[in-house]
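Here's a quick briefing to read alongside the structure. Take a look at the model first, then work through the notes below.

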Amino acid sequence: MTLSGLIIKSTGSWYKIRQADTSIIDARIKGKIRLKTIKTTNPVAVGDWVDYELESSGDETYAVITQIHSRNNYMIRKSNNLSKQAQIIASNLDLAVLVVTLSAPRTSLGFIDRFLVMAGAYHIPVCLVFNKCDLYNSDDVLHFEHLKALYEPLGYKCLMGSTIDANYSPNSVLKSVLQHKTSLISGHSGVGKSSILNQLLPLANQKTNSISDSHQKGKHTTTFAEMFFIDSDSALIDTPGIRDFGIIDLEKTEIGHYFPEIRAYMPKCKFNDCTHQNEPECAVFKAFEAGQIAGSRYYNYLSILDNQDIFE
Ligand SMILES: Nc1nc2c(ncn2[C@@H]2O[C@H](COP(=O)(O)OP(=O)(O)OP(=O)(O)O)[C@@H](O)[C@H]2O)c(=O)[nH]1
Ligand SMILES: [Mg+2]
Ligand SMILES: [Zn+2]
């Protein structure tokens, strides 16, 4: 008999499936299931709906995955700089929560903008959580206000968060945002992703670890993505910290589409295939010069265009 369930954990060699009755069963893959369109290191990702059959050996019953249902969307990154292979971080997402920090460690705007492009390309809304706000001095608070004024008009909600200051706790600032959704929580190692999950759902009991004193960097404590249900129809996927990820699957002329403010000016460019670098009569460049497009956004756009690595 074939059953259907939801992948809530994937290590690459074994999986956990949440079954129809919400019980959880260990699973393996039957033979090789490969996606037709993209090469990935993990054929089955957290968030995938799969068909499976039950098998037994001795007194142990486990699931064998036979089929992956098609995905609504997914977040993806290059496995590493050398390989052209991609890793699906998670699939079928309603929201990506990008956890960033202004210090200890500091998240760059370049990283934020790359993340926003990848999420945009797969039609995943993003909420930015500026975590560890208990450590902010008055300049940091101003910096946050500045970034909020930059990103919110572009469609990215910005929240200050803290797992230490109760006024900004995940339960008070984030819980309502996550309601009735499947959300991914992503960001650099050490920004507090697992700490946030643990406050929302103490039962999750995810391991957390202090950041290193010398480098102010996280220690890659979470090693596999895993989905947790914070209530019956709200799920949060804790993920390993990412350093950076190449932009995958996008043509050069496509990248501007995922900068909402660039997209807004593009129709006025003289050339259809304008890449908004130094083409004549480029409306985007004019908007940047006039201060209508933030310098950081325009330069990050150019840098994505520059080390663009097309994925085959
Ligand atoms: N000051 C402060 N420290 C925090 C906050 N949230 C988390 N931390 C600390 O930051 C460190 C890293 O937290 P984790 O939750 O392990 O970070 P992570 O993002 O899950 O890291 P990886 O699993 O390595 O990707 C821990 O020492 C936490 O106690 C916060 O709001 N304020
Ligand atoms: Mg973690
Ligand atoms: Zn242009």
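A molecule sits in a pocket if more than half of its atoms lie within 2 Å of the pocket's grid points. By that rule, ligand 1 sits in the largest pocket. Keep in mind that this is a predicted model.

**The ligand and its shell**
- Ligand 1 has 22 residues around it, and the closest are Asp134, Thr163, Ser189, Ser195 and Thr221.
- Sorted by class, that shell around ligand 1 comes out as 16 polar, three charged and three nonpolar residues.

- How much of ligand 1 does the protein cover? On its own, ligand 1 has 660 Å² of accessible area, and the protein covers 88% of that.

**The largest pocket**
- The volume of the largest pocket is about 390 Å³.
- There are 27 residues lining the largest pocket, and Gly190, Val191, Gly192, Ser195 and Asn209 are the closest to its centre.
- The lining of the largest pocket splits into 17 polar, five nonpolar and five charged residues.

**The cavity**
- How many cavities of 30 Å³ or more does the structure hold? It holds one.
- The largest cavity contains about 50 Å³ of space.
- Its lining is made up of Val129, Asn131, Gly161, Ser162, Thr163, Tyr168, Ser169, Pro170, Val173, Leu174 and Ile196.
- By class, the lining of the largest cavity has six nonpolar and five polar residues, with no charged ones.

**Domains**
- The protein chain divides into domain 1 (3-68), domain 2 (74-238) and domain 3 (252-306).
- Which domain range takes in the residues named above for the ligand, pocket and cavity? Their numbers fall within domain 2 (74-238).
- Taken over C-alpha atoms, the centres of domain 1 and domain 3 are 43 Å apart.

Technical notes. Residues numbered from 1 in each chain as written. Chains lettered and ligands numbered in written order. Predicted model: local features only at pLDDT ≥ 70, side-chain atom pairs only at ≥ 80, totals over all residues. Heavy atoms only, no water. Near = heavy atom within 4 Å. Areas by Shrake-Rupley, 256 points an atom, 1.4 Å probe, with all protein chains shown as cover. 1 Å grid on protein atoms, 1.4 Å probe; cavity = no way out; pocket = protein on both sides within 12 Å on 5 of 7 lines; lining within 4 Å. Nonpolar A, V, L, I, M, F, W, Y, C, P; charged D, E, K, R; others polar. Points joined across faces, edges and corners; volume = space filled by probe spheres on them. Domains from an automatic or database assignment.
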